[in-house]
Amino acid sequence: MQVTPPFDLVIFGGNGDLAMRKLLPALYHRHRAGSLCDDGRILAVSRSEMDRATYLNLAREALVAHLGSHFNERDWEKFAQRLDFHRVDANAPGHYSGLAMVLGENTGRVRVFYLSTSPDLFMNICRNLGQAGLVTPESRVVLEKPLGRDLESARAINDAVGEVFEEHQIYRIDHYLGKEAVQNMMALRFGNSVFEPLWRRTWISHVQITVAEQLGVEGRGEFYNGVGAMRDMIQNHLLQLLCIVAMEPPANMDADAVRDEKLRILRSLRPLTGAEVATRSVRGQYRAGAVNGKAVSAFLDEPGIPSDSQTETFVALKAEITNWRWAGTPFYLRTGKRMPEGIAEIALYFRDMPMHLFPTVGGVPNRLVIRLQPDEGLRLDLMAKIPGDDMKLRPVGLNLSFAETFKQRPVQAYERLLGDVIHGRLALFMRRDEQEAAWMWVEPIMQAWVASGNSPKLYTAGTWGPAAATALISRDGFSWHEDY
């Protein structure tokens, strides 16, 4: 594992949920693996009134809670030496002079500004960083999603950030791109000759991409009510996964070569507008039910949610790519909260045989399932003969678990992505034109929902969404993965 150059990593919102739950554990793992150089500092900043000792206690508690058996006191003591806290009100220009004193004048160090805050603060933070002279040639800024509420607001944020940082300094993060299984999908497609002839409309009948959560809004009701499933998941995570599945082989693995191919897919998505949105999209909202045998309340009864909220917690879409490789092959995207399982997977269904010679049991089609979570791996479903005199077939699965195969703790998404930021590797981050192309596709769908005046379709918590989602895919003669 390559050791980083000397760096200062400044986390705005350093005592927030993302920092405590994801960023600090990822950096701890990097530290423990020896991939962070000794001269690497982590500075948490927020407007909270606290001293370093208080922050270290909060950080330790978070690491104990989220790392489990991977936490040990000796590693923590060394990791804690990297950590500091400084009070900065993101909207107060005067506070940035104190940050400048902490960072010092060494402009040759890598300087990463991670904006783990509401997107509403991105513009002011970047402007204040620029005015305080904190942006050096070796500076990078990391932007969390969702970047804006629509194309116009996304462009406004990108314009403001672009006034301070060059495009090659801007890292628009989507943690799904850092997952081991997504990396392996690239290896599967472009490192093995067996699948390339089959990876096209001729042999694949359809593709399903599902990201399902058992969780509700988890105390983030006010935030989620202003975002919804389309902005929170489809515009970034699921469209990025679609790009990785569908893209053409890049000329090489350089950042722009990879991102050019993803952009071509986004620009090839058939637009959904007007009345067509009603037949190719479903939005839902969960009502009271049970998840894992535990009763859960309706979305409208969650704290911070208005009683008349029209925010969707579930989306299903039928997408089509109008290019030579995929024309006529539907891509079904689905995401939702309060689902029966917390899973993320991509399933590619191969076309049926032209005729059936053998009687079958079960009738599951050939498919390749790429699991992203909770356990990462691959499964290829085939038909095999049942032992005995009769020539009967049944489905069997060739199952590859990355954890069992490689016998080592997988690198988590934020570990990989934070390492890439410090090293200056952009391949796993979205370019501005990529992001805007995604907004251009989803925005007309959201506008059509509003124009229709229809409320989201209700579904019971603990189920797989509204019945309309089943109808969406069954009209084409297919079923969602869990229904087979």
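This is a predicted model: local features need pLDDT of at least 70, side-chain atom pairs count only at pLDDT 80 or more; totals for chains, interfaces and linings use all residues.

## Helix H6 and its two partners

Let's begin with helix H6, residues 151-162, and helix H14, residues 432-452. Their axes come within 9 Å and cross at roughly 165 degrees. An angle over 145 degrees counts as roughly antiparallel, and H6 and H14 are therefore described that way. Their crossing is right-handed. On the H6 side, the contact is made by Leu151, Glu152, Ala154, Arg155, Asn158 and Asp159. H14 brings Arg432, Gln435, Glu436, Trp439, Met440 and Glu443. Sort the residues of this contact by class and you get six charged, four nonpolar and two polar.

## A helix under cover

Helix H13 takes in residues 413-423, and eleven of its eleven residues are buried. Charged names turn up in that buried list too, including Glu415, Arg416 and Asp420, along with Leu417, Leu418 and Ile422.

So what covers the buried residues of H13? The cover includes strands S1, S4 (110-115), S5 (139-143) and S6 (170-172), plus helices H1 (17-32) and H7 (180-190). Just after H13 comes Gly424, which takes a positive phi of about 85 degrees.

## Rings that pair up

A search of the whole structure turns up 16 aromatic pairs. Take Phe12 and Tyr96: their ring centres are 6.2 Å apart and their planes sit at 25 degrees, so the pair is stacked. Phe12 belongs to strand S1 (residues 7-12) and Tyr96 to helix H4 (residues 95-103), so to speak two distant parts of the chain, 84 residues apart. Phe12 and Tyr96 are both buried.

Tyr332 and Phe478 make an edge-to-face pair, at 6.2 Å centre to centre with 70 degrees between the planes. Tyr332 is in strand S12 (residues 330-336) and Phe478 is in the segment after helix H15 (467-474), so this pair ties together parts that are 146 residues apart in sequence. Tyr332 is buried, and Phe478 is too.

## Tyr459 and its cluster

Which residues form one aromatic cluster? They are Tyr224, Tyr286, Phe299, Phe314 and Tyr459. Tyr459 is found in strand S17, residues 457-460. With a relative accessibility of 1%, Tyr459 counts as buried.

For a sense of scale, Tyr459 and Asn323 are 136 residues apart in sequence and 35 Å apart in space, C-alpha to C-alpha.

## Loops worth a look

The one from Lys145 to Pro146 is cis, with omega near 0 degrees, and Pro146 lies in the loop between S5 and H6. Another cis bond joins Gln373 and Pro374, with omega about 10 degrees. Pro374 is in the loop between strand S14 (367-373) and strand S15 (377-385).

Next, two residues other than glycine with positive phi: Asn292, near 55 degrees, and Arg338, near 60 degrees. Asn292 lies in the loop between strand S9 (289-291) and S10, while Arg338 is in the loop between S12 and strand S13 (343-350). Are they buried or exposed? Asn292 is exposed, with a relative accessible area of 64%, whereas Arg338 counts as buried at 12% relative accessibility.

Last stop: Asp301, in the loop between strand S10 (294-296) and strand S11 (314-320). Asp301 is exposed, with a relative accessible area of 58%. Its C-alpha atom is separated by 8.7 Å from that of Arg287, a residue 14 places away along the chain.

Key: Residues are numbered from 1 along each chain as its sequence is written. Side-chain values use heavy atoms; hydrogens and water are left out. Axes are lines fitted to C-alpha atoms, for helices over the stretch in contact, and angles run from 0 to 180 degrees between N-to-C directions. Helices (H or I, at least four residues) and strands (E, at least two) are DSSP runs, numbered from the N terminus. Angles under 35 degrees count as roughly parallel, over 145 as roughly antiparallel, 65 to 115 as roughly perpendicular and the rest as oblique. A crossing is left-handed if the near helix is turned anticlockwise from the far one by less than a right angle, and right-handed if clockwise. Contact means heavy atoms within 4.5 Å. Rings of Phe, Tyr and Trp (its six-membered ring) pair if their centres lie within 6.5 Å; planes under 30 degrees apart count as stacked, over 60 as edge-to-face and the rest as tilted. Buried means under 20% relative accessible area, exposed over 50%, partly exposed in between (1.4 Å probe, protein chains only).
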